[in-house]
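This briefing concerns the ligand surroundings and the nonpolar cores of one structure. Please consult the sequence and the model below while reading.

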Amino acid sequence: MAETSAHTDWAAWQERWDRQQEWYMPDREERFRVMLDMVEAFVGPRPRVLDLACGTGSITDRLLKRFPEATSTGVDLDPALLAIARGYFDGDERVTFVTADLKDPDWAGRLPYDSYDAVLTATALHWLHAEPLTALYRRIGVLVRDGGVFMNADHMIDTDTPRINAAERAHRHAGMDRAKAAGAVDWADWWALAAKDPVLAEPTAERYRIYGEHADGDMPSVRWHADTLREAGFGEARAVWASPSDTLVLAVK
Ligand SMILES: C[S@@+](CC[C@H](N)C(=O)[O-])C[C@H]1O[C@@H](n2cnc3c(N)ncnc32)[C@H](O)[C@@H]1O
């Protein structure tokens, strides 16, 4: 008999997603912790949050565990990751998921609210080229309420530091190769597992029709993100955390 969604272990898929993402970003959990520290600092422990390009809802999960009175809207385009998110948070009235393409000029019209205390995103906006990302930042500049925040944690590359970039990358990839040899599951392996799952097989085929392996985008510098956010209506913007490869940029309106 085919497995039904009632029998799918959504928590196990959530866990597998975290392990796969951590193979790329060993500091991922620390990045989320600092992001939520800054949510608390700017908008308090009961925020209305937009989890932008939410995937399986990783930010939302940490948000609600730390701030049980928070609410979250997750928005994404990937049907397989949204299936995991919807299954995992099923019955939790604090959470709503919306399917939308962030490159669609009308994406925000699908949201249940027209204003948020905090818009949060991680490891996602490098799937967009600079031009659609600029348009997205303008829209976020409207969605965040006055005094609210936007935060983006992602790879942000400074092209003025090629030797630093090359050494950091080589070191990171050597660690990833060792972890892979010890059995770590990478992006391609993870999707191959999803394709074999009776419930996720069809949405996985659909996500490959939408994106292919991975959408193509840009990884502009921290300065570009901060400047573009200020041009989009935020009063201040700068990095609040960084690892050798990743940065968390915060913009306050
Ligand atoms: C690597 S995942 C990160 C997910 C989650 N934020 C996390 O940290 O685990 C990147 C996400 O960005 C989403 N994404 C990329 N481009 C998008 C677009 N144009 N519209 C909506 N979502 C998009 C993908 O579907 C995917 O869920």
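A polar contact is a pair of N or O atoms within 3.5 Å; within protein, one must be able to donate a hydrogen and the other to accept it, and residues adjacent in sequence count only if both atoms are side-chain atoms. The model is predicted: local features need pLDDT of at least 70, side-chain atom pairs count only at pLDDT 80 or more, and totals for chains, interfaces and linings use all residues. Residues are numbered from 1 along each chain as its sequence is written, and side-chain values use heavy atoms, with hydrogens and water left out.

**Ligand**

- A nitrogen atom of the ligand lies 2.9 Å from an N or O atom in the side chain of Asp101.
- The protein buries 98% of the 590 Å² that the ligand exposes when taken alone (Shrake-Rupley method, 1.4 Å probe).
- An oxygen atom of the ligand is 2.9 Å from a polar side-chain atom of Trp17.
- For Arg28, a polar side-chain atom is likewise 2.9 Å from an oxygen atom of the ligand.

**Nonpolar cores**

- The largest nonpolar core has 44 residues, of which Leu52, Trp107 and Phe150 touch the most other members; such a core is a set of buried (under 20% relative accessible area, 1.4 Å probe, protein chains only) Ala, Val, Leu, Ile, Met, Phe, Trp, Tyr and Cys residues joined through side-chain atoms within 4.5 Å.
- Another core, of 28 residues, lies apart from it and includes Phe67, Ala70, Leu82 and Phe97.
- Phe150 has contacts (heavy atoms within 4.5 Å) with residues including Leu52, Tyr137, Ile140 and Phe234, not counting residues up to four places away in sequence.

Technical notes: Buried means under 20% relative accessible area, exposed over 50%, partly exposed in between (1.4 Å probe, protein chains only).
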